[in-house]
Amino acid sequence: MELWKDAWRSIFRRPSRSGLTILSIAIGIFAVMLIGTIGEMGKEAIAGELASLGMQGIAIRTGDDSGASLTRTELELVRESGAVAEATPLLFEYNDITAAGSTEKAVIWGVDANVASVVSMELRYGRGIERSDIAGAAEVCVVEEGLATQLFGRENAVGRRLEVSIGGVTHTLEIVGVASVGGNIFQSMMGSTVPLFVYMPYTTHQLYSGRQGFDRIAVQLVSGSDSAEAGDALAGELDSWFGLSGSVAVDNLSQYADTFENLLGMVTVILSAIAGISLVVAGLSVMTAMLSSVGERTREIGIKKSMGAPSGTIVAEFLLEAAFLSAAGSAAGIFAGVAVGWAGCLLIGVPYSLQPGLIGVCLLSALVTGAVFGAYPAKKASLLRPVEALR
């Protein structure tokens, strides 16, 4: 116990020096905490965005030069598969839309009434695409709120009309709903690179384009299903149906999402490692402070050794002092990192979640840094000869 008291008292002999040492450690820990928090929050937010864009299932398309076509018959075949929770047909065209004297580029989707079960779509105003719209090839559409704002200057555009260009012909659609869909983060980060969306009945899209089939069949799998196995099984079933190997190709969207998240994780690790350099600098400040402390306490060390204090006790005292400095700086840095991370998430509207693992890593890193950089001064103190130290 006396050893702990001596180490604690030593910190307050030079409060300004100890304070600067603690500050340097706190800055290093704060940098690691902040980057780690940004990385984790970014991964969670992007995972949610990818899920809302339908990036957690699979998409079926015809194989290259296979001559096959995806129609209502193939859609029902896919829906009957045991691993499929829901499937919806998709047609799409990237073209101009015009309304209120403004023209924008958008992806014009032809969808079924169940599209909201595959793509996250929260209806804000009006209604969605209904089965009666599909049956009657109704000239209606649902637009996302960002597009409504750009075209009409307000989110609620229900009842307004817009013109879409499909198959080289301009058609007029009535807006029956405005929805909030996935991709908002991507659109805010990448601007016009991420397009805006218009949803219309797929039967209306087929009527305008003169097509009978679909571009894709988007599939939401039963929870717990292996996307790779389910995709292979569906491809095999459709190959048997068409009597042709390679009739369809299956895009595993979950793998694309995982690749994106892994890439973001690697970037976070690299940035955290760069931020960790500040911990090395903080460690050097610990070593400098401890070496100064050894020089100032040379006579005290000599007295203790002449009274029979073993070298191990001297080493332990200086290591404890370094540990106290590191722990105090680590606590300050973690607190600041959590506070700034929480405030940042609150500001941009992303839910904040505490990362116990990250806090543990930061605390352990600080203590290890203190121990490593405090080892040399502690060893130097223990090797002082009593006679020379008392001179």
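## Close-up views of a predicted chain and its aromatic cluster

**View 1. Contacts across the chain.** Of the contacts (heavy atoms within 4.5 Å) between residues at least 6 apart in sequence, 77% join residues at least 24 apart. You are looking at a predicted model, where local features need pLDDT of at least 70, side-chain atom pairs count only at pLDDT 80 or more, and totals for chains, interfaces and linings use all residues. Residues are numbered from 1 along each chain as its sequence is written, and side-chain values use heavy atoms, with hydrogens and water left out. The chain holds 13 helices and 10 strands, which are DSSP runs numbered from the N terminus (helices H or I, at least four residues; strands E, at least two).

**View 2. W109 meets F197.** Here is one of the 4 aromatic pairs found in the whole structure; rings of Phe, Tyr and Trp (its six-membered ring) pair if their centres lie within 6.5 Å, and planes under 30 degrees apart count as stacked, over 60 as edge-to-face and the rest as tilted. The W109 and F197 ring centres are 6.1 Å apart with planes at 80°, so this pair is edge-to-face. Because W109 sits in strand β3 (residues 102-111) and F197 in strand β8 (residues 196-201), the pair ties together parts 88 residues apart in sequence.

**View 3. F197 meets Y199.** F197 is buried at 10% relative accessible area (buried means under 20%, exposed over 50%, partly exposed in between, with a 1.4 Å probe and protein chains only). With ring centres 6.2 Å apart and planes at 70°, F197 and Y199 are edge-to-face. Y199 is buried too, at 4%.

**View 4. The cluster.** Ring pairs join F92, W109, F197 and Y199 into a cluster.
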